[in-house]
Amino acid sequence: MADLENTTDDSIIVCDDVHKWFDDFHVLKGITTAFKKGEKAVICGPSGSGKSTFIRTINRLEIHQRGRIIVDGIELSDDLRNIDRIRQEVGMVFQQFNLFPHLTVLQNVTLSPIWVKKLAKGEAESEALALLERVGIEEHAHKFPAQISGGQQQRVAIARALAMQPKIMLFDEPTSALDPEMINEVLDVMRELAASGMTMLVVTHEMGFAREVADRIIFMDEGAIVEEAAPDIFFDNPQNERTRLFISQTLQH
Amino acid sequence: MEERAPNPVIKPPTESKGILRWLKENLFNTWYNALFTLLAIVFLYVAFKGILTWAFTEANWGVIPANLQIFLVGAYPREEIWRVWIVIYTLGLLLGLSSGIWGGLALRLALVIGAVGGGVGIILAFFPTAFFNRFGLLGGVALLAVSLFLGRGRQRLRPWVLGGWLLSFPWTMIWLHGFAGLPTVLTSNWGGLLLTLILAAVGIVVSFPLGVLLALGRRSNLPAIKWVSTAYIETVRGVPLVTILFMAQIMVPIFLPDFRIDKILRAMLGITLFSAAYMAENVRGGLQAIPKGQHEAAHALGLNYPLTMLLIILPQALRSVIPAIVGQFISLFKDTSLVTVIGLLDLLGIAKTVIANPDWLGLQAEVYLFAAVIYFVFSYFMSYISQKIEDALGVG
């Protein structure tokens, strides 16, 4: 708890001893960390390390069973109003894009502003078109998700999350389901977003992106944070044996 | 700027196939297919010769026009039948306006109904019957056409037309039953096709949303709602419709002696509650096919449960189960014939009473065939519309 108080001053996310179980399986074993406003954090680790589960607890897609998570001064609890407020402030991008296939690209982006923020349709559409232009998809605004490529879909997904003007963006392996030639178009959008000052938590295997963009790299294994450090220290002088093994394996190819 | 010559358009090779070639390729391409073809021709000849000979020489079709009134409206009094026309014209007006305003599927619906109505109307125009104006149906088709043109481009009529559809059921009921100075026609006199259509329409319109709610309930995280929905669905599915109709008829008056609920209303209730359970399972099948990611994406965007269901999950789930849902509608339509067991005279009930009439003894085949054709026309109509819905939504 002492740790918690020290970090609350300019922290937008505070996690204190977060635990989670899937039935008997202990997925998160006491995660304690904090993220500053505007920080870009990359979370990496072998599969099954709990990294996806961890960022999904931050907008409560996964419910933590012990410990505390405070997002922008609001503690995540069973209180539904808190969850709704936090979800409007936290955008999320998924590995499988999860665009709504029955809606056009434009409708995907305007849906939440219209229904949750109660924006007028015209206003929502002009904002959405501006966002689609920012991610380079404006000419596909009236197509359906199935008619555009994976990379384009993921950029739409980013625009859709940004449409709610979130303070924090969560990326859950945003490039893992993409064909190799499409990875960069998504990473470029994320780089641009990072430069704009957005707070970003990114689970990814793209170590080049991590080294270039991240303020801090968090390495997780078996449900716990093993090591966290700035990228140059993390890659060039890792302290932990498991981190060294992971880096040598990921950088080999 | 220089005009560029358009790329030459190459048409696909036309495969001109003569009838003989088609016959050879599809019916006589091997010796055994040739054999089957010949056998089938012999079979069809024998079967159709019998049926056609019967239909044109032996059958006594006089039973149909002679009893047309009770086939269509049962014991509804002759001098009040104009009220049925009011209802038909109201629905025609609403359908015409809707198809003009929305176009697309509503337009297709109106065109099909207009075409069938027009065809039947022309036939009726040649058969002067005592009990209704023989040009009544053609008048309805004309009204449909006129309101279609009136509705075109009038987008601001939308809320009024939607409200009209909502009110069309009570409107139908008060006209048929009577209000203000109009003489009351007891529901026990409603019958024939009129009753069949009312029961089916109410059953379909009410059981659908009820089924959706039950399906959502069964998948709910709240144990009480989940348990109640599941128990309801499983109980109702474990009981034949006939039993439910009997229960509604006999048990309700026993348990609720102070409530005098109309017999037709009780039948509607029974059919609707029965169909809702099946509807729920159809919808649940669609809900289960929606990937978890769709729920997560909706939640992550801040959509609450009702919005997630209404905007994201149900539109996708329902379109994938349209065939099953329409199948359920069709079977509900045909199941309304079971109301004869509780003494209501729907189309099939009327058919039975006509056969039992000493004036028309021995004419089962004609009467049942007539009833079957009517059932088929409506069932096929629903099937056709469902195919068009699927086309319009780009599924299937």
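These legends describe close-up views of a predicted model, in which local features need pLDDT of at least 70, side-chain atom pairs count only at pLDDT 80 or more, and totals for chains, interfaces and linings use all residues. Residues are numbered from 1 along each chain as its sequence is written, and side-chain values use heavy atoms, with hydrogens and water left out.

**View 1. The interface of chain A and chain B.** Here 21 residues of chain A are in contact with 18 residues of chain B, where contact means heavy atoms within 4.5 Å. The two chains bury about 1600 Å² between them, 66% of it on carbon and sulfur atoms; buried area is the accessible area (1.4 Å probe) that two parts lose on being put together, summed over both.

**View 2. The salt bridge across the interface.** The rule finds one salt bridge between chain A and chain B, a term that stands for a side-chain nitrogen of Lys or Arg within 4 Å of a carboxyl oxygen of Asp or Glu. Its partners are Arg56(A) and Glu296(B), whose closest N and O atoms are 2.5 Å apart.

View 3. Val109(A) lies in helix H4 of chain A, helices being DSSP runs of H or I with at least four residues, numbered from the N terminus. Val109(A) is buried, with a relative accessible area of 1%, and buried means under 20% (1.4 Å probe, protein chains only). Leaving aside neighbours within four places in sequence, Val109(A) is in contact with Ala128(A), Leu132(A), Val156(A), Ala159(A), Arg160(A) and Ala163(A). Gln88(A) is 21 residues from Val109(A) in sequence and 14 Å from Val109(A) in space, C-alpha to C-alpha.

Technical notes
Chains are lettered from A and ligands numbered from 1 in the order in which they are written. Helices (H or I, at least four residues) and strands (E, at least two) are DSSP runs, numbered from the N terminus. Buried means under 20% relative accessible area, exposed over 50%, partly exposed in between (1.4 Å probe, protein chains only).
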